[in-house]
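Please look over the sequence and the model below before reading on. The briefing then takes up the topics one at a time.

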There are 2 protein chains.
Amino acid sequence: MSAPVKTLPGTRKSAIRQENQAHILLAAEKVFAEYGYKGATTGLIAEVAGVPKANVHYYFGTKENLYRHVLEDIVATWFAAAAEFDSLDDPEAAISHYVRLKLRLSKERPMGSKVFANEIIHGAPHLIGYLQTTLRQWADAKAAVIERWAEQGKIRPVDPRHLLFMIWATTQTYADFGVQVRAVLGVEELTDADYERAAETLTTVILRGLLAG
Amino acid sequence: MSAPVKTLPGTRKSAIRQENQAHILLAAEKVFAEYGYKGATTGLIAEVAGVPKANVHYYFGTKENLYRHVLEDIVATWFAAAAEFDSLDDPEAAISHYVRLKLRLSKERPMGSKVFANEIIHGAPHLIGYLQTTLRQWADAKAAVIERWAEQGKIRPVDPRHLLFMIWATTQTYADFGVQVRAVLGVEELTDADYERAAETLTTVILRGLLAG
DNA sequence: TCATCTCCTGACCGATCGGTCAAGATAGGA
DNA sequence: TCCTATCTTGACCGATCGGTCAGGAGATGA
């Protein structure tokens, strides 16, 4: 009776609401990854999720808002994973661990990686703030750790940020450019052994490239 | 009077035709890179090219056909560049040369790289044949060269294809993920010095990781 | 000069998409 | 049981987009 504020109904989290939102989010991640933001249609997302199109708009309002939720979900997952980087003092263990972690994310959540890649390629209109604040600070912190390793003689001097780009690029390529990887390897799908081989190659080359002596 | 075949008029290359097509292709590469295939509109491409929308369709027929031309242009450029890889017997010179070459392409033709990346991320519907034939054969040939290096003791044994993925990913990330790179480095635009620093880091880490001893 | 291509372009069309809406179905606490 | 908030859905709408077309403007060679 008081203020008829135009919010999405049901801010409270009913069981039905939570479950439907989760289904739609999962379908949206898949469709956004496969067709891009513009190419994805709310109708197709609804179809994949197994609900009428109006239902998608009932729960998320606009396509833009749904996309934002998908992005936030991905960023949160990745950021949680990134927290494990500096838990170790030993560069060999830390980098090896981080590379394998990122590689596992590429394998288990390729759709999320593709949505993120798409967003960045197109200028990161929704994530530019995140890149310039949170991610940059995170990278600064990691760079400090890497530089300390160099000072302590644990690794050779290296530009820490370019090293980070290197790790990100080499691990995410197995998700984002999966089709190319499969074509070159001549396989239908990457097996656990393929991923292990990738992890072995990446960690070996990078660590040998970094470690002193 | 004979066969009224429905082809695009003027297969002959008039000066006007060539110039207009070049303008439109350039604009299309930019718009496709920025907005993706679906997100790009023929109207915007026309506006960027400085011609009426009908003119775009006059020269290229469909959006799909225009996109195909843009892709072919990019693939041709990249493939021409790739030919320089095995011109050298020395792994250090060959890899260093190839990395710097790819990095220069990322710097000078980032839009093309983005269009290509977009195509691959979305499953490469137009390039799957190219990936499975031309690119795969090229990669096989390069893999043989790399394996010979290992047999000759010039480098340590390494999976040659994963090494290629590594080089591709680390160099192209400076074009495709340019926004992220700039945000982390805290700069408005990458300078020649930034690219030199990237080249130095990449070649150093990879070569130290590869070379024996 | 005339004929005949090629080029140019505003106006238009059908299809599709994001989003709305009204009305019915359902669930659950009092 | 009844009431109310939430959920569900087909039908619909305005906007936008790819593509078409008719007809005028230029160019070119005979």
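This is a predicted model: local features need pLDDT of at least 70, side-chain atom pairs count only at pLDDT 80 or more; totals for chains, interfaces and linings use all residues.

Residues are numbered from 1 along each chain as its sequence is written, chains are lettered from A and ligands numbered from 1 in the order in which they are written, and side-chain values use heavy atoms, with hydrogens and water left out.

**Relation of the two chains**

**Interface between chain B and chain A**

- In chain B, 54 residues are in contact with 54 residues of chain A, contact being taken as heavy atoms within 4.5 Å.
- Because 100% of the interface residues of chain B are also interface residues in chain A, the copies meet through the same surface.
- The area buried between the two chains is about 4800 Å², with 71% given by carbon and sulfur atoms; buried area here is the accessible area (1.4 Å probe) that two parts lose on being put together, summed over both.
- Ile121(B), His162(B) and Val184(B) together supply 15% of the area that chain B buries against chain A, more than any other three residues.
- Across this interface there are 2 salt bridges, a salt bridge being a side-chain nitrogen of Lys or Arg within 4 Å of a carboxyl oxygen of Asp or Glu.
- Arg197(A) forms a salt bridge with Asp159(B), and their closest N and O atoms are 2.4 Å apart.
- On the side of chain B that touches chain A, at least two residues each come from α1 (15-39), α6 (110-121), α7 (128-151), α8 (160-176), α9 (178-185) and α10 (192-210) of chain B, where helices (H or I, at least four residues) and strands (E, at least two) are DSSP runs numbered from the N terminus.
- The largest share of that side, 12 residues, comes from α8(B).
- Its residues divide into 29 nonpolar, 14 polar and 11 charged; Ala, Val, Leu, Ile, Met, Phe, Trp, Tyr, Cys and Pro count as nonpolar, Asp, Glu, Lys and Arg as charged, and the others, Gly among them, as polar.

**DNA strand D**

- Around DNA strand D there are 18 residues, the closest being Arg17(A), Tyr58(A), Tyr59(A), Lys53(B) and Lys63(B), and a residue is near a molecule or strand if one of its heavy atoms lies within 4 Å of it.
- Of the atoms of DNA strand D within 4 Å of the protein, 58% belong to sugar or phosphate and the rest to bases.
- Phosphate oxygens of DNA strand D lie 2.8 Å from a side-chain N or O atom of Arg17(A), 2.8 Å from a polar side-chain atom of Tyr59(A) and 3.1 Å from a polar backbone atom of Ala40(B).
- The most residues on the surface near DNA strand D, 4, are given by α3(A).

**DNA strand C**

- There are 17 residues around DNA strand C, of which Lys53(A), Lys63(A), Arg17(B), Tyr58(B) and Tyr59(B) come nearest.
- A phosphate oxygen of DNA strand C is 2.9 Å from a polar backbone atom of Thr42(A), and one lies 2.6 Å from a polar side-chain atom of Tyr58(B).
- The largest share of the surface near DNA strand C, 4 residues, is supplied by α3(B).

**Salt bridges over the whole structure**

- Over all chains, the search finds 16 salt bridges.
- Arg161(A) forms a salt bridge with Asp140(A), with the closest N and O atoms 3.0 Å apart.
- Arg161(A) lies in helix α8 (residues 160-176) of chain A and Asp140(A) in helix α7 (residues 128-151) of chain A, so this pair ties together parts that are 21 residues apart in sequence.

Terms used: A polar contact is a pair of N or O atoms within 3.5 Å; within protein, one must be able to donate a hydrogen and the other to accept it, and residues adjacent in sequence count only if both atoms are side-chain atoms.
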